[in-house]
Amino acid sequence: MFEGYAGTSDSGFRDEVEAEEAFARGQFLAEMGADDDRPSLTGPAGEEAEARLAELARHTVFDGQVVTDEARLRRILARHDTHLYPGTFITCVYNPDRALCRTSEGPADQPVMADCKPLVCRNTALTPANRQALTGHFARLEDALADSDRLAPYVRHRLEERHRATAAFLTCHAPEIAE
Ligand code: SF4
């Protein structure tokens with residue numbers, strides 16, 4: 001997929017769209033890697049995410065800034081794929097050997113974000129924005145359970161399980177408070 005960073009004039013429309021999405025993702029990650037003041041990613045793969053961002057920054061950041069020449073940045077990103085995939089609730093630190101969204105029929109070189117199992121997959125990392133989104137999801141679960149007498153037993157049971165798992169995950173992977 002990341003050869004697509006550069007794009008080609010004879011590739012089809014879908015390839016062009018994928019190339020631009022990949023480039024936008026790479027730019028976003030390069031900016032993250034250049035930001036020394038941002039909070040570290042947390043979660044099971046938080047440390048690995050930071051290591052991959054630091055490695056990307058070695059190639060994309062000069063004098064504290066991401067390379068501004070777009071063609072050059074595209075070439076760099078094409079050579080140095082982080083295999084990090086930012087999402088709403090989590091950031092995927094893709095490692096195929098432990099990817100719970102992977103199936104024998106699916107792609108091996110990238111996650112299937114639509115089938116993500118964020119609370120149990122060891123490829124999960126959290127940015128502050130991810131954590132905020134997950135906390136919002138948790139609040140919505142609480143709201144739904146506050147009115148649980150109106151729910152079918154099976155639905156209530158599923159919501160209670162998800163509520164417990166989300167609470168445990170957020171507690172277990174809370175950011176460290178700086179002293
Ligand atoms: S299950 Fe989620 S975190 Fe795990 S590899 Fe797939 S998309 Fe990434």
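**Domains and ligand**

Modeller: In this predicted model, the C-alpha centres of domain 1 and domain 2 lie 29 Å apart.

Colleague: Which residues belong to domain 1 and domain 2?

Modeller: The domain assignment places 2-125 in domain 1 and 128-172 in domain 2. Their contact draws 11 residues from domain 1 and 10 residues from domain 2.

Colleague: What area do domain 1 and domain 2 bury between them?

Modeller: They bury about 790 Å², and 69% of that is on carbon and sulfur atoms.

Colleague: And how many salt bridges are found across the interface of domain 1 and domain 2?

Modeller: The rule finds zero salt bridges there.

Colleague: Let us turn to the ligand. Which residues are around the ligand?

Modeller: Four cysteines are among them, namely Cys92, Cys101, Cys116 and Cys121.

Colleague: What is the space taken by the ligand?

Modeller: The ligand takes up the largest cavity.

Definitions and conventions
Residues are numbered from 1 along each chain as its sequence is written. This is a predicted model: local features need pLDDT of at least 70, side-chain atom pairs count only at pLDDT 80 or more; totals for chains, interfaces and linings use all residues. Side-chain values use heavy atoms; hydrogens and water are left out. A residue is near a molecule or strand if one of its heavy atoms lies within 4 Å of it. On a 1 Å grid over the protein atoms alone, a cavity is a set of points where a 1.4 Å probe fits but cannot get out, and a pocket is an open set with protein on both sides within 12 Å along at least five of seven lines; lining residues have an atom within 4 Å of a point. A molecule sits in a cavity or pocket if more than half of its atoms lie within 2 Å of its grid points. Domain bounds come from an automatic or database domain assignment. Contact means heavy atoms within 4.5 Å. Buried area is the accessible area (1.4 Å probe) that two parts lose on being put together, summed over both. A salt bridge is a side-chain nitrogen of Lys or Arg within 4 Å of a carboxyl oxygen of Asp or Glu.
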